[in-house]
Amino acid sequence: MWKDYSKSYIKNNRAAAITVMAAALAASLFLSLLCGIAFNFWIYDVEQIQLDEGDWQGRIVCEKKQISHLSLAELFANVEKAVINEELSGEDEIVLDVYFYHFKSVYDDMPLIAERLGVEKDAVSYNSLLLSRYFVHDPEDESPPMLLTVYLVILLMVAVSLILIIRNSFELSMNNRIRQFGIFSGIGATPAQIRICLLQEAMVLSILPVLTGSVCGIALSYGVILAVNHFAAGVPGRHEAVFQYHPLLFAAVIFLSFLTVLLSAWLPAKKLGRMTPLEAVRYAGGPLLKKKKHSRILSAIFGIKGELAGNALKAQRKALRISSLSLVLSYLGFSVMLCVATLSDISTRFTYFERYQDVWDIMITVKDTGLPESGVTQKLRKTAGVEDLLAYQKAEAVTFVPEASQSSELASLGGLGAVAGARATDGRFQVSVPVIILDDTGFLNFCTRSGITPSLDGAIVYNRIWDRVNSNFRYKEYVPFVKEDYHTTVLYKNDLEVKVPVLSYTDALPALREEYENYALVHFVPLTMWENKIRQVCESGSDSYIRILSDNHTDPDRLAGLEKEIVQTVSRKYKAESENRIQERISNENLIAGTKFILGAFCVLLAIIGIASVFSVTSGFLRQRKREFARYMSIGLTLREMRTIFCIEAFVIAGRPLLITLPLTVLTAQAAVTAACLEPAVFWREAPVAPVLVFAAAIVLFVTLAYYIGAKRLLRCNLNEILRNDALM
């Protein structure tokens with residue numbers, strides 16, 4: 001009986017069936033898309049960790065004589081293999097990388113292996129970042145990495161949200177049949193039978209949409225990964241993502257989609273099953289509005305038509321709650337995302353690209369070595385297309401600045417204590433000294449350009465400190481750091497000290513792509529002085545750098561060719577990495593565009609859910625609206641006036657989220673601009689007004705379309721017959 005009834009109802013009520021199928025399709029599509037993207041992001045993250053840190057799970061450092069006990073590690077059933085890390089091992093110590101079959105017991109097995117090898121627990125280390133991606137956390141770590149857990153929480157929240165969203169579609173379909181089921185209940189149907197009937201219908205209607213949505217979600221997630229690869233192409237240190245999918249993931253998506261559909265249908269079915277036969281038969285067919293509720297704003301603007309539209313919206317407020325929330329979140333997410341991306345782009349331009357655009361074209365990082373040999377740098381200087389070249393290395397030292405040595409400008413601001421928050425000890429401040437070691441030719445050229453007598457026996461001191469009192473980090477102002485009547489500075493390291501002759505104090509900097517500390521006394525020294533005098537009191541960096549300016553700053557092809565030639569020259573003797581200013585800017589713009597694309601796509605999906613809910617409501621309330629407008633006709637309203645009521649409702653549904661989010665977006669953007677210490681006019685000149693308006697116009701268009709379709713179906717009916725016709729649908 002129930003099977004025949006369900007087939008008959010689905011056949012004769014295709015609009016309700018389409019609404020349910022569309023809801024199931026949207027739910028499975030969104031879940032499949034999100035699961036596919038999350039799975040590939042997880043795979044990519046694991047691959048990146050393995051490339052950066054290795055694919056080992058545990059590591060043990062032991063003495064070379066203990067290597068004979070390597071078989072002890074392999075005796076553990078859970079140990080897949082134990083490999084000697086040749087790169088990290090030394091003459092006396094062996095580094096052993098241990099791989100496990102099952103990751104869950106790594107933190108329990110490794111101490112036991114260490115005990116069998118006869119080494120201390122301190123010699124054991126873990127690839128904790130990699131293990132955390134498999135939900136394996138160090139039990140002693142109070143704040144373990146929780147990225148994967150966050151992914152699953154987001155997925156769970158999305159699933160719950162979808163249940164609440166598509167529940168409306170089932171509820172609207174079921175509410176149209178309350179009186180029917182009341183009659184069935186009166187002739188002996190139990191609540192359980194009614195619920196089973198409704199759930200069976202939901203399953204039958206959802207099978208094809210769920211399968212279709214899941215497959216489409218896979219295709220969309222594949223497209224997202226392609227888009228990410230496109231926009232992130234050329235980003236240093238990134239490997240290309242390869243789309244991957246697992247059959248178990250597809251099964252999980254199908255299961256989760258059907259579970260979402262069943263729960264969405266079960267909630268209204270349970271409510272319907274609780275109604276008594278008398279309540280069901282007397283059901284009026286739609287939500288009721290208390291008479292004391294008035295739409296004062298709409299009635300003031302549109303008169304009686306605005307009052308009627310407002311009353312209808314209030315009567316449907318529960319059904320429209322999800323659509324309103326979805327549209328608000330999509331508006332807010334899209335506009336805030338674009339504002340933040342625009343602000344980030346402006347900030348990056350100001351602090352990096354525009355600031356250093358005349359400083360460098362190509363940067364070469366020479367790995368694990370000091371400054372390249374002079375023969376290499378001289379050869380690079382003679383390369384066709386090189387306008388200027390400077391090789392340098394960075395080091396760190398400290399000095400002590402007596403309070404009396406502070407400049408008068410700094411003293412007037414309250415001294416180093418007020419500006420930098422430093423404390424004096426025995427009347428002097430400990431100050432960081434970044435040491436920039438320039439190759440001799442580059443240092444002499446810097447002396448000449450700064451009007452200083454060229455010499456390789458001394459340092460040039462950058463005598464500036466940030467005036468934090470009268471400026472912010474975005475628009476910094478500087479004052480002299482120390483008095484310029486001292487001809488030497490003293491650098492310290494533990495008990496060692498070295499006096500460094502000062503050739504000159506300057507407020508000019510060599511053309512380097514470097515950001516210096518705000519409260520440090522930067523020293524520029526030649527390579528000769530570094531090697532002969534001050535190396536012993538400095539902590540030097542492991543890498544050195546070659547900054548190159550090209551004679552053509554705008555041609556990306558010529559710059560790429562010059563970069564390739566320079567890298568080939570340097571790589572003959574050293575391990576080198578390169579950066580290209582034009583390519584880096586293109587990569588940055590692609591990353592921002594990719595971020596906008598991906599986040600914008602999610603905002604669009606959120607808007608689609610809201611719009612789909614509006615379509616569902618306008619279709620599902622058709623029977624109730626027929627009765628409503630039939631009553632309006634009985635008191636003299638024309639078809640044109642009823643169309644006006646529909647237009648007002650569409651205007652409110654689409655416009656209210658915009659009115660809510662507009663001030664929130666402006667306040668959020670202004671707060672971000674203030675926090676970034678950026679002049680508001682700079683941001684608002686580039687504010688993404690046009691894309692936000694296009695997005696809002698698209699939502700208004702589709703909401704209007706939903707109401708147009710609903711109004712067309714409603715108003716073409718014989719409304720005069722509705723008041724007399726109470727037949728079952």
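Modeller: Two strands are said to pair if DSSP finds at least two bridges between them. Helices (H or I, at least four residues) and strands (E, at least two) are DSSP runs, numbered from the N terminus. This is a predicted model, in which local features need pLDDT of at least 70 and side-chain atom pairs count only at pLDDT 80 or more, while totals for chains, interfaces and linings use all residues. Residues are numbered from 1 along each chain as its sequence is written, and side-chain values use heavy atoms, with hydrogens and water left out.

Biologist: Are the side chains of β8 buried or exposed?

Modeller: Both faces of β8 are covered, with A459 and V461 buried on one side and I460 and Y462 buried on the other; buried here means under 20% relative accessible area, exposed means over 50%, and partly exposed lies in between (1.4 Å probe, protein chains only). In a regular strand the side chains alternate between the two faces of the sheet.

Biologist: You mentioned F524. Which ring does F524 pair with?

Modeller: F524 pairs with F446, and because the ring centres are 5.6 Å apart and the planes lie at 65 degrees, the pair is edge-to-face. Rings of Phe, Tyr and Trp (its six-membered ring) pair if their centres lie within 6.5 Å, and planes under 30 degrees apart count as stacked, over 60 as edge-to-face and the rest as tilted. F446 is in helix α17 (residues 440-449) and F524 in strand β13 (residues 522-526), so that the pair links distant parts of the chain, 78 residues apart. F446 is buried at a relative accessible area of 6%, and F524 is buried at 0%.

Biologist: How many aromatic pairs are there in the whole structure?

Modeller: The search finds 16 aromatic pairs. One of them joins Y331 and F695, with ring centres 6.2 Å apart and planes at 80 degrees, so this pair is edge-to-face. Y331 belongs to helix α13 (residues 317-356) and F695 to helix α24 (residues 689-715), so the pair ties together parts that are 364 residues apart in sequence. Y331 is buried, with a relative accessible area of 4%, and F695 is buried as well, with 9%. Elsewhere, ring pairs link F39, W42, F103 and Y134 into a cluster.

Biologist: And which charged residues sit over rings?

Modeller: K81 lies over the face of Y99, 4.7 Å from the ring centre, and the charged end of R513 sits over the ring of W360, 4.6 Å from its centre. The criterion is that NZ of Lys or CZ of Arg is within 6 Å of the ring centre and within 35 degrees of the ring normal.

Biologist: Switching topic, which residues touch the most other members in the largest nonpolar core?

Modeller: They are I364, V435, I534, I546, I566 and V570, in a core of 34 residues. A nonpolar core is a set of buried Ala, Val, Leu, Ile, Met, Phe, Trp, Tyr and Cys residues joined through side-chain atoms within 4.5 Å. Elements giving two or more residues to this core include β7 (428-438), β14 (539-550) and α19 (556-571), and the largest share, 5 residues, comes from β6.

Biologist: What does I566 touch?

Modeller: Not counting residues up to four places away in sequence, I566 touches I362, I364, L380, V386 and I548, where contact means heavy atoms within 4.5 Å.

Biologist: How is β6 paired?

Modeller: β6 runs antiparallel to β14, joined by 9 bridges, and D388 stands opposite L549 there. β6 also pairs with β7 in the antiparallel sense over 11 bridges, with Q393 opposite I437.

Biologist: Last one: is N40 buried or exposed?

Modeller: N40, which is found in helix α2 (residues 14-53), counts as buried because its relative accessibility is 5%. Beyond its sequence neighbours up to four places away, N40 touches I225, V242, F243 and Q244.
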